[in-house]
Amino acid sequence: LRRLPVAIAFVVALLALLVASVLGYISWLGQQPSRAPGLFLGAMLAATALAVPALALIWWLDRRERETPWVFFGAFLLGAVVSMGLALLVTGSWGSGLLQSLGLTPADARSFDPLSQITLPLEKIGQAEVLKLGFGRAIVPALIEEAIKLLALLLIVLFLSAEFDSVRDGIVYGALIGLGFTVAETAYYITDGFLRSSSLSFGQQLAARFYFLGLNGHTLFGALMGAGFGLARQNRLRWMKLLAPIAFIVLALAAHVVQNTLTVGVAGMVSQFFGLVGVPLSNMPTPALWLSMATAALFTLGLFYAAVIELVQESGRWERAVLTEELAGEVGVAITPDEYGMVVSERSFSLRAIPGYGDRVSRSIVNAQNELALRKWRVRRAGGDPETDAIVQAWRQDIVTLRRSG
């Protein structure tokens, strides 16, 4: 973004997406009663409060190369404002022509909701009636939503490439976009449900959409998608740079479709153990609905969660290896021998602290050292010489300044 043409392109792309998303919200709210905007805003605030645990965990995952709050929460807002707004635009009256060409109505494409879907017994999966339901209620919405979240992710990948180095970055940004989408989608369904029935199903929305404190649904799908772009960024192989994003986009879409069909079906089966035979998900008590959805997700999406956990662990090992290698040449320059020993011995789930400084200055020095190491790695990967790079020199000077301020 330091180059003016790139900055202009970024602003234009972002404004275009914002205008389109605002049109999506306006087109939906304009068809609702006058109290709808207030209800939606209140639901958004409530859903955002539910997302705090997931935001805190993602913030912690980003601890070694802390992005500025503008970038971090900007990615979250891309999911909440842009992605959901575009989804409303596509599935509303503005996109009716596209949907009709697919043999669907706008209501079909946005009709997926765990609280309203029928229960799909496992033995019926694959039969004609379930495949028809899967196309109208699961596959098409999943395609639309994943494609829209992909647009938001590409905005970061293309224009904030200096902040996008690894699988860990991909997981962080993808999860933030997905979590933002979950928040806005939850607010949408709370508002829509209240306008239709005058019943505020907040507890049921919590159970259906935040059963893992927000680390589920779109957050999972976004993390998978982002991991593919991060893997491409880390890898030197040209075929991997092309294949990894495609493979993980397909993986995210597959997880989405599984949730839209199999997870909901298994949740209905689990509910029978609580004596809720034939009770729709929308009529279940909140505790039973939460336990049913959480159990079903573990059974049907467990391998996807395991993949993300392994990717998080592997990305941590990659980060520590890069820091160890690149900071070795900075001993006596940007890092002391004792501090480098902390880098070498740093564990997977910890972050070193610089002794003799306050917490704020210590965190700033550690972040600057890590940024220095990653910048050197980035320059070296591009075929340049880190010793002649102005940003490498600037990070070293920042570290000197921080030590003096502490």
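## Packing of H12 and H14

Helices H12 and H14 lie roughly perpendicular to each other, since angles of 65 to 115 degrees are counted in that class, and in this predicted model their axes cross at roughly 85 degrees and come within 9 Å. H14 covers residues 359-381. On the H12 side the contact is made by Trp318, Val322, Leu323, Glu326 and Leu327, which meet Gln369, Asn370, Ala373, Leu374, Lys376, Trp377 and Arg380 of H14.

## Salt bridges

The structure holds 14 salt bridges. One of these joins the side chains of arginine 64 and glutamate 319, with an N to O distance of 3.2 Å; the pair links distant parts of the chain, 255 residues apart, with arginine 64 in the loop between helix H3 (52-61) and helix H4 (69-91) and glutamate 319 in helix H12. Both arginine 64 and glutamate 319 are buried, and Arg64 and Glu319 also belong to a network of salt bridges that includes Glu346 and Arg352.

A salt bridge between arginine 209 and glutamate 185, at 3.4 Å from N to O, likewise links distant parts of the chain, here 24 residues apart, with arginine 209 in helix H9 (residues 202-209) and glutamate 185 in helix H8 (residues 167-197). Arginine 209 and glutamate 185 are both buried. Glutamate 310 forms a salt bridge with arginine 317, whose closest N and O atoms are 3.1 Å apart; in this pair, glutamate 310 is partly exposed with a relative accessible area of 39%, and arginine 317 is partly exposed at 37%.

## Two positions in helix H11

Histidine 256 is found in helix H11 and, because its relative accessible area is 1%, counts as buried. Leaving out residues up to four places away in sequence, histidine 256 touches Ala142, Glu145, Glu146, His218 and Phe221.

Isoleucine 249 is also found in helix H11, but its relative accessibility of 24% places it in the partly exposed class. Beyond its neighbours within four places in sequence, isoleucine 249 is in contact with Leu150, Met225 and Phe229, while glycine 222, which is 27 residues away in sequence, has its C-alpha 9.0 Å from the C-alpha of isoleucine 249.

## A nonpolar surface patch

Phe273, Phe274, Trp290 and Leu291 form a nonpolar patch on the surface, and together these residues have about 450 Å² of accessible area. Within this group, phenylalanine 273 is found in the loop between helix H11 (238-271) and helix H12 (286-327), and phenylalanine 273 counts as exposed because its relative accessibility is 74%, where the class requires over 50%.

Technical notes: Residues are numbered from 1 along each chain as its sequence is written. This is a predicted model: local features need pLDDT of at least 70, side-chain atom pairs count only at pLDDT 80 or more; totals for chains, interfaces and linings use all residues. Side-chain values use heavy atoms; hydrogens and water are left out. Patches are made of residues with over 30% relative accessible area and no salt bridge: like charges are joined within 9 Å, nonpolar side chains (Val, Leu, Ile, Met, Phe, Trp, Tyr) within 5 Å. Accessible areas come from the Shrake-Rupley method with a 1.4 Å probe; for residues, only the protein chains shown count as cover. A salt bridge is a side-chain nitrogen of Lys or Arg within 4 Å of a carboxyl oxygen of Asp or Glu. Helices (H or I, at least four residues) and strands (E, at least two) are DSSP runs, numbered from the N terminus. Buried means under 20% relative accessible area, exposed over 50%, partly exposed in between (1.4 Å probe, protein chains only). Axes are lines fitted to C-alpha atoms, for helices over the stretch in contact, and angles run from 0 to 180 degrees between N-to-C directions. Angles under 35 degrees count as roughly parallel, over 145 as roughly antiparallel, 65 to 115 as roughly perpendicular and the rest as oblique. Contact means heavy atoms within 4.5 Å.
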